[in-house]
Amino acid sequence: MRRVRYESTGGPLFLEEAPVPEPGPGELLVRCEAVGVTLPVVRKVTEAAEPIALGGEIAGAVVAAGPGVTRFRTGDRVTGLCFGHGYADFAVLHEAMASPVPGTASAVDAVALVRGGLVALGALAAARPGPGETALVTAAASGVGHLAVQLARARGASRVVAAVSDPAKAPFVRSLGADAVVTYTDEDWGTPADYALDAVGGDLLTPALAALAPGGRLVAYSSGGGTIQAYDLLVGAKSVTGFQMALIAREQPQRYEAWRQELWRLFAQGAVRPAVHAEFALADAARAHEVIESRTNLGKVVLRP
């Protein structure tokens, strides 16, 4: 089979021939039909001291199951997060991380919806949204952010403010239901929000926190880091919560599964529409990474093995 690999920090990425992996206990072997490209994986390629296996979101058909698998069988369509080599024709997926793909959805729909939607739903849950509140979503045109805009509305927000890096992204996020759009460099982010879902971190934490009303809640789920001054929290009685999906998947599997079912239900109802910015062949993985690094994508970037 083919898979994408690199040998030193920063790449380059290249295709190589490798043996088809064998599924171990509790694992599925999946013939990949779509692979989601994420910012955390792109950052690891450019920043990690040692080369990593390019994992991430995959979707496709089960071709073999390892010992102890009970929920899936050969031929089932699944999607999930692969921790090994996912940029490949075949990938191994832990059964606990796998979700069935309904017949009405494509593999591309699945990788554009499930993982990003789970992160967005988890961040929303951490924000404890109340009916009629105003939501602020940063990186609102990203793979997770464009779903967070829609899910905030579905979870009862009366107003959704989308924060983006480029005003050219405004028509896209408005088409998803955003009531207002601000860019990161704007001095005034408008009417203060009740809660913010931040996927950027770094220097953007300060203006995002400032855009909250007194008592506002910011949920940080970015891998970008950043520092917040305690005074900025005290002066407005604001709070900041960190969110990590891996912790929920590991410690609260029932909640994780409930969110997956909610996503597919909202998808079937048309309440959430995953958007795909571009699809690339496996051999063009480097180009897909360039799009993510440039922050120009409107929705998900996908590889098609």
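These legends walk through several close-up views of one predicted model.

Local features are described where pLDDT is at least 70, side-chain atom pairs count only at pLDDT 80 or more, and totals for chains, interfaces and linings use all residues. Residues are numbered from 1 along each chain as its sequence is written, and side-chain values use heavy atoms, with hydrogens and water left out.

**View 1. E16 and R3 form a salt bridge.**
Let's start with charges: side chains of opposite charge can pair when their charged atoms come close. A salt bridge here is a side-chain nitrogen of Lys or Arg within 4 Å of a carboxyl oxygen of Asp or Glu, and the structure holds eleven of them. In the E16 and R3 pair, the closest N and O atoms sit 2.7 Å apart. E16 belongs to strand 2 (residues 14-17) and R3 to strand 1 (residues 2-5), so the pair ties together parts that are 13 residues apart in sequence. Helices (H or I, at least four residues) and strands (E, at least two) are DSSP runs, numbered from the N terminus. E16 and R3 are both buried, where buried means under 20% relative accessible area, exposed means over 50%, and partly exposed is in between (1.4 Å probe, protein chains only). There's a network here too: salt bridges link R3, R5, E7 and E16.

**View 2. E133 and R217 form a salt bridge.**
Here the closest N and O atoms are 2.9 Å apart. E133 lies in the loop between helix 2 (107-127) and strand 8 (134-137), while R217 is in strand 12 (residues 212-220), so the pair ties together parts that are 84 residues apart in sequence. Buried or exposed? Both E133 and R217 are buried.

**View 3. D179 and R153 form a salt bridge.**
The closest N and O atoms of this pair are 2.5 Å apart. D179 is partly exposed, with a relative accessible area of 36%. R153 also counts as partly exposed, at 31% relative accessibility.

Strands count as paired if DSSP finds at least two bridges between them; strand 12 and strand 13 pair in the parallel sense over four bridges. Look for V219, which stands opposite T241 in strand 13. Contact means heavy atoms within 4.5 Å.

**View 4. The chain crosses from strand 8 through helix 3 to strand 9, a right-handed β-α-β crossover.**
Right-handed means that, with the strands pointing away from the viewer, the path from the first strand over the helix to the second runs clockwise. Helix 3 is mostly covered, with eight of its ten residues buried; among them are H146, L147 and V149. After helix 3 comes G156, whose phi is positive, near 110 degrees. Strand 9 (residues 159-164) is mostly covered as well, with five of its six residues buried. Strand 8 and strand 9 pair in the parallel sense over four bridges, and R159 in strand 9 is the bridge partner of T134.

**View 5. Strand 9 and strand 10 pair in the parallel sense over four bridges.**
Find A163, which stands opposite V182 in strand 10. The chain crosses from strand 9 through helix 4 to strand 10, and this β-α-β crossover is right-handed.

**View 6. Helix 8 (residues 253-269) has 17 residues.**
From first C-alpha to last, helix 8 reaches 24 Å, close to the 24 Å expected at 1.5 Å a residue; the expected span is 1.5 Å times one less than the number of residues. Its buried residues include Y256, W259, L263 and F267. What do the buried residues of helix 8 pack against? They pack against strand 7 (98-100), helix 2, helix 3 and helix 7 (245-251). Just after helix 8, G270 takes a positive phi of about 80 degrees.
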